Structure formats: structure tokens, C-alpha cells
Amino acid sequence: MERQELEAIVEQVVRKVLEEKIAGKPDFTKETDPSGILHIETATVKCEPFEQPGVFLKDITTLEEAPRMGAGIMELSHTSFEWTLTYDEYDYVIEGELEIEIDGRIIRGKAGDIIYIPKNSHIHFQTSGKTRYAYFVYPANWQS
């Protein structure tokens, strides 16, 4: 492949990515059926840094798509962070092991496990390795 051809391909890819960002399209694979059903390929979700080193997340639904329930992917890498939930949350461990410490007790979830955390719980999310999990929150606007 000649240099000019390669440059043209790179330019096309960059333009497409920028157009999708401007149009508000996600940078992961998500399909929306006319019925409102969403299909999200979680393996394509790339998490972004969140509040402290070793913590990454990406919301995978918008309030327009799902105004009552929120969802996203979170990754932890050799870290622990304190959090008080102002919402109800289910966590589905995709890979690794998730530890949730509350009142000196530790609840451990491994790949395939589901953990429910009630609203107003004051916890520490932690992991000694790398963990990836999906979170599902109610209400959807968990950051407000």
C-alpha cells in the first residue's frame, strides 16, 4: 500500500470517528430497536478514568434511552475507593473479583456473580487485581 493510500484511509477513519462524536454516537457497539430495546456489546465498551487512579467507567445508556434505569461498565485495577450510593445498584461481575466492604464485612463476587447494593449504603469498592463489571442503577440519573 502506498503512503498516499494509507493517509487517505487514516483520514477517512478519523473523519468518521469525529462525525460520530459530533452526532453523539457512542464509541462502542449499541443498537436500538424501534421498540426501544437496546443491545449493547459490553466487550466493545472502553471505560474512561473516574475520580481516582485505578477506577474507570462508562455509562452505556442515556437518560433519553432509559429514563428510569441507568447502566454502565466499571473497571477497577488494584484499588479501593469509598462511595455512598444515592440509588439502588446491581453489579454483575464480568471478569475478575469484586469486593465490597461494608461495616467491616467483605462481600466478594467473582465472574458471573450478581451483587445488590441498597440505596444509602456507605461502602468501599475494592480489588487486589483487575475487575470488570456491569452496573445497573435506579434511578437512572445516579449522578444528580
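Predicted model: local features only at pLDDT ≥ 70, side-chain atom pairs only at ≥ 80, totals over all residues.
Where is the place of glutamate 51?

**View 1. Glutamate 51 sits in the loop between strand S3 (48-50) and strand S4 (52-59).** Its phi is positive, at about 60 degrees. Glutamate 51 is not a glycine. The residue counts as exposed, with 67% relative accessibility, because exposed means over 50%.

**View 2. Asparagine 120 lies in the loop between S9 and S10.** Here too the topic is backbone geometry. Phi of asparagine 120 is near 75 degrees. That is a positive value in a residue other than glycine. Asparagine 120 has a relative accessible area of 57% and is exposed.

**View 3. Side chains alternate along strand S9 (residues 114-117).** Ile115 and Ile117 point to one face. Both of these isoleucines, Ile115 and Ile117, are buried.

**View 4. Strand S6 (residues 88-95) pairs with S9.** The sense is antiparallel, and the pairing runs over four bridges. Within this pair, aspartate 91 stands opposite isoleucine 115 in S9.

**View 5. A cis peptide bond leads from tyrosine 138 to proline 139.** Omega is near 5 degrees. Proline 139 is found in the segment after strand S10 (122-138).

How values were computed. Residues numbered from 1 in each chain as written. Heavy atoms only, no water. Buried < 20%, exposed > 50% of the residue type's maximum accessible area, 1.4 Å probe, protein only. Helix = DSSP H or I, 4+ residues; strand = E, 2+ residues; numbered from the N terminus. Pairing = 2+ DSSP bridges.
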